[in-house]
Each structure stands twice: as structure tokens, then as C-alpha cells.
Amino acid sequence: MKLAALFLVLCATAQAAPPASFFRALHLVETSGRTGPILGDGGKALGPLQIHKSYHADSRVAGDYSRVSELDYSKRVATAYLKRYAPTAWAAGDVETLARVHNGGPRGHLKPATKGYAAKVKALYK
């Protein structure tokens, strides 16, 4: 019985996600809440969450890269990417780690350069 209860808890945790306010905070930090085909990072990033082509490819979400201009699609891409590269942080709702991986890549949570970005996201996260 204890094993079955543990299994159910683990399954529920694996599907956990940060609240919508996490994506709102990312959106505000990346593009001040603007939507559409916003270019950033010297033309290397696109859309409301400023997604790079390699990030899109790594997410394994089907669809043309140009669709990251759509907020809902870019959230799907970010969700898949973060669940792939930061599954423990995703399950725990660890906003700091998720923000750092979004900003700095799969090992972004280890890069000192992503700390300031994460602080901005956390300040807007509610």
C-alpha cells in the first residue's frame, strides 16, 4: 500500500509545473510583455520569450521556428525545453533554476552570468 501511494505521488510530481505567473515573468523580462515577431539578441532570438533556433530544435516541439512569435506556441516550446533539461526543477517549481536554464541553456543554472536574469524573473514572479 505504501509503495502504491509513493508511486502516485511520484507520478503527480512528475507532471507538476510552475504556475502561469512564471511564464508571465519570463515574458515581461524578455520583451516587456510584447507579442509578435520581436527580434532580439542581435537577431538570433525571436518572439515574446526570445527563443533561439537551437532552443526550438532542442525542445523537440513540432512546428516551424517562425511560430515562436506566437505566445502560446513559445510557451509550449519553453515547457518542453525546460522539462527536458531541468525536469527536477520543473517538478519542484524551482523558478530560479528554470529561469537560468531558459536564459543560459541546458547548464545555465551553473553559469554565474544567469544569476541576474533569474533575479529579474523572481522579482516579477508572483
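**A chat about ring pairs**

Visitor: Hi! At 9% relative accessibility, does Phe23 count as buried or exposed?
Guide: Hello! This is a predicted model, and in it Phe23 counts as buried, because its relative accessibility is 9% and the cut-off for buried is under 20%.

Visitor: Okay, and how many aromatic pairs does the structure hold?
Guide: There are four aromatic pairs. One of them is formed by Phe23 and Trp90, and this pair is tilted.

Visitor: What are the distance and angle for Phe23 and Trp90?
Guide: Their centres are 6.4 Å apart, with 55° between the planes.

Visitor: Which helices do those two lie in?
Guide: Phe23 lies in helix H2 (residues 20-31) and Trp90 in helix H5 (residues 87-92), so the pair ties together parts that are 67 residues apart in sequence.

Visitor: Is Trp90 buried or exposed?
Guide: Trp90 is buried, with a relative accessible area of 4%.

Visitor: Which residues do ring pairs link into a cluster with Trp90?
Guide: Phe22 and Phe23 join Trp90 in that cluster.

Visitor: New topic: why is the pair of Tyr55 and Tyr81 called stacked?
Guide: The planes of Tyr55 and Tyr81 are at 10° and the ring centres are 3.7 Å apart, so the pair is stacked. The angle cut-off for stacked is under 30 degrees.

Visitor: Where do these two tyrosines sit in the chain?
Guide: Tyr55 is in helix H3 (residues 53-59) and Tyr81 is in helix H4 (residues 71-85). The pair links distant parts of the chain, 26 residues apart.

Visitor: And are they buried or exposed?
Guide: Tyr55 counts as buried at 7% relative accessibility, and Tyr81 counts as buried at 3%.

Conventions: Residues numbered from 1 in each chain as written. Predicted model: local features only at pLDDT ≥ 70, side-chain atom pairs only at ≥ 80, totals over all residues. Heavy atoms only, no water. Phe/Tyr/Trp six-rings, centres within 6.5 Å; stacked < 30°, edge-to-face > 60°. Helix = DSSP H or I, 4+ residues; strand = E, 2+ residues; numbered from the N terminus. Buried < 20%, exposed > 50% of the residue type's maximum accessible area, 1.4 Å probe, protein only.
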